[in-house]
Amino acid sequence: MSLRMTRVLAWIWTRGVLLLAAVLTLIPFAWLVASSFKSNEEFFRSTLLPVENRRIAWERLTTEPYARLFREMDFSRGLVNSLFLSSVTGIVATLCCAMGGYALAKYKFRGRGLCTALVLAAVLIPPPLIIAPTYQLLYRLDLLDSFAGLILPALAPAFGVFLFRQAIVSGVPNDLLEAARLDGAGEWRTFVMVVLPLVRPMIGTFLMVTFLGMWNNFIAPQVIIQDPARFPLSVAVAELRRGYYNDYGLQMAGTVVSIVPVMILFLVMQKDFVSGLTSGAVKA
Amino acid sequence: MTPPTSTRGATRIAEAVGDAHVPRRRSRGLAGLIPWLFLSPFLVCFALFTLYPLVQSVVLSMQTTFGPGATRFVGVSNYRGLMQDPLFWTALRNTAVYTLGSLFIQLPLALGLALGLETPNLRGRGWVRLLLFSPSMVGVVFAAMMFSLIFEKQTGLANQGLRSLLSMVGVDWSLDFGWLQQHVMATLIIASLWMYVGFNMTFFSAALQNVRKDLIEASVVDGAGPIRRFWTVTVPAIRPVAGFVVLMSVIGSFQLFELPFIMFNNTAGPDNRAMTIVLYLFQNGFETGDLGYASAIGWALAVILVACAAVQRLTARGEEAAT
């Protein structure tokens with residue numbers, strides 16, 4: 001085989017494989033959205049979109065699953081709960097971690113080594129290990145079936161402190177901190193006005209990580225929350241599968257409603273988010 | 001500016017200490033406090049909701065509980081029971097199979113896709129990257145909802161799609177192919193492939209930026225073929241990140257829970273074939289109500305994961321020493 005031939009084959013092969021991967025990624029999304037606009041009858045009749053006489057029969061699709069979701073089942077409640085839980089957790093956890101990371105990065109004090117070691121070691125703790133004792137603790141604190149019981153344990157992810165420490169060590173020059181102090185800025189002002197703006201990409205990344213972590217968390221709310229009025233979307237959707245087992249359109253509509261906000265957020269933030277996520281691994 | 005008289009709040013002290021006019025001697029004690037004030041929100045939450053539960057999980061693992069309130073000390077019998085519990089071994093085996101599946105199928109594919117995306121003059125590169133990464137943003141619960149219907153007999157996309165595709169080459173694919181009934185592990189591994197292949201690919205892509213272009217050119221001049229070039233130039237450059245990705249995949253895979261839990265309607269699937277370690281932990285802790293046994297399972301999981309991390313560290317260090 002000539003060199004030219006090999007090149008052409010490689011060209012086709014690469015693009016073919018990438019195209020296939022893209023299509024295989026897209027199809028479940030497309031199927032999900034299409035199914036969410038179908039009655040049960042239509043769900044059985046067509047795979048993706050209903051086709052009649054070689055054209056798409058849009059009129060056979062229906063928004064009824066969404067209407068039922070929001071009118072009969074108060075799904076907006078779950079949406080609001082998820083938005084609230086994820087925003088509060090994201091903002092407070094990011095602030096906690098940025099402050100902690102700043103202290104470990106830029107102050108010399110007794111106990112710093114110990115704190116850093118603690119943070120590093122804590123990254124190894126698998127979350128399922130502390131589910132049972134956390135449940136018991138929340139029971140003793142009378143925080144079961146409350147939002148506080150979900151938010152408080154999520155406020156101090158150790159890897160966040162570590163990430164911010166790294167970002168501040170490499171991204172915030174000491175001279176700048178000195179200059180701010182000489183200008184009479186207090187420690188808190190220095191942190192807010194000098195440090196935070198310099199680690200903005202990390203803030204964006206970590207806000208997204210903690211927001212997503214709470215939004216997509218299932219096991220904690222499943223265990224902690226009892227009252228359906230307090231269910232976040234993850235549990236509310238799983239409940240659809242339990243209570244409306246044969247209602248396919250409804251289940252898929254609930255899933256779409258749960259995914260869309262996250263996808264919008266991701267599209268808005270994607271540049272910083274993806275590079276921020278990989279930066280830790282590549283530098284390490 | 002007045003010297004600090006009250007200790008209310010970090011702001012007050014911080015402003016006072018930062019002020020150059022405050023005499024050094026007075027501020028030293030407070031200045032030492034500043035890093036602790038910055039650390040305090042984290043430390044308080046961390047101590048209460050990570051350290052304390054961690055210690056408590058040791059205590060709990062030596063108790064039998066009936067719900068969160070009633071406990072009875074049983075010593076190491078939870079651990080002894082665990083070793084003799086056939087369901088735990090089933091869970092361990094299933095989880096290991098799933099993990100190996102993700103390692104040996106998913107990661108090579110992820111690397112292959114990352115390499116494909118490095119092709120020069122590729123149009124739509126950014127879009128493909130974005131698209132392949134996007135499923136990892138979808139929560140496992142939501143992906144599980146989707147896949148539970150995709151893999152249904154008769155109506156599911158998997159069987160219908162395969163049927164219409166394979167009919168083109170004259171193969172008859174049965175709509176009754178039992179993904180969720182007979183091919184449990186394959187189903188879980190395929191679903192996780194969709195969720196995470198792009199995520200892992202992104203890390204490999206970032207690592208491939210570390211491959212030195214001059215080395216590639218030099219090896220081309222030396223007449224090395226693409227396969228040789230891959231092993232001698234690319235692999236050494238991406239090795240640290242690859243180790244990280246492998247470790248992340250192992251840790252993530254060993255915590256598999258929501259996917260089987262949702263897909264098999266809050267059960268461990270037919271004949272417990274979708275039983276995983278965390279699913280078993282959940283069943284014991286929150287269905288049976290024995291938080292003690294659940295904690296023992298948690299420790300078994302932790303030991304496995306720490307061992308994996310240690311192995312990864314040691315091999316990484318060995319490689320650093322070798323080069």
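Predicted model: local features only at pLDDT ≥ 70, side-chain atom pairs only at ≥ 80, totals over all residues.
Student: How many helices and strands does chain B have, and what radius of gyration goes with them?
Tutor: Chain B has 14 helices and two strands. The globule rule gives 20 Å for 323 residues, and chain B is well over that, so it is more spread out than a compact globule. Its C-alpha atoms fill a box of roughly 90 × 65 × 40 Å along the principal axes. The radius of gyration of chain B is 27 Å.

Student: What percentage of the residues of chain B count as buried?
Tutor: A residue is buried if 20 or more other C-beta atoms lie within 10 Å of its own. Of the 323 residues of chain B, the share that counts as buried is 40%.

Student: Is helix 7 of chain B largely enclosed or largely open, and how many of its residues are buried?
Tutor: Helix 7 of chain B covers residues 140-150. Among its buried residues are Phe142(B), Met146(B), Ser148(B) and Ile150(B). The helix is largely enclosed by the rest of the structure, because the buried count is eleven of the eleven residues.

Student: How is chain B divided into domains, and how far apart do the C-alpha centres of the domains lie?
Tutor: The assignment for chain B gives domain 1 as 9-60 and domain 2 as 81-322. Between the C-alpha centres of these two domains of chain B the distance is 40 Å.

Student: Which helix of chain B gives the largest share of the side that touches chain A?
Tutor: The contact takes 80 residues from chain B and 76 residues from chain A. On the side of chain B, 16 residues come from one helix, residues 34-60. By class, that side of chain B has 56 nonpolar, 21 polar and three charged residues. The helix with the largest share is helix 3 of chain B.

Student: Which residues touch the most other members of the largest nonpolar core?
Tutor: This core has 157 residues. Its largest share, 13 residues, comes from helix 9 (residues 184-208) of chain B. Phe164(A) touches, among others beyond four places in sequence, Cys97(A), Val199(A) and Met202(A). The residues that touch the most other members are Tyr102(A), Phe164(A) and Ile297(B).

Student: Is Lys106(A) buried, exposed or partly exposed?
Tutor: Lys106(A) sits in helix 4 (residues 75-106) of chain A. Leaving aside neighbours within four places in sequence, Lys106(A) is in contact with Ile168(A) and Leu177(A). Within 10 Å there are 18 other C-beta atoms, so Lys106(A) is partly exposed.

Student: Which helix of chain A gives the most to the side of domain 1 that touches domain 2?
Tutor: Chain A is assigned domain 1 (3-62) and domain 2 (67-283). Their contact takes eight residues from domain 1 of chain A and seven residues from domain 2 of chain A. Helix 1 (3-36) and helix 2 (40-45) of chain A each supply at least two residues of the domain 1 side. The one that gives the most, with four residues, is helix 1 of chain A.

Definitions and conventions: Residues numbered from 1 in each chain as written. Chains lettered and ligands numbered in written order. Core = buried A, V, L, I, M, F, W, Y, C linked by C-beta atoms within 7 Å. Buried ≥ 20, exposed ≤ 12 C-beta atoms within 10 Å, placed from the backbone. Contact = placed C-beta atoms within 7 Å. Domains from an automatic or database assignment. Rg over C-alpha atoms; globule rule 2.2 N^0.38 Å. Nonpolar A, V, L, I, M, F, W, Y, C, P; charged D, E, K, R; others polar.
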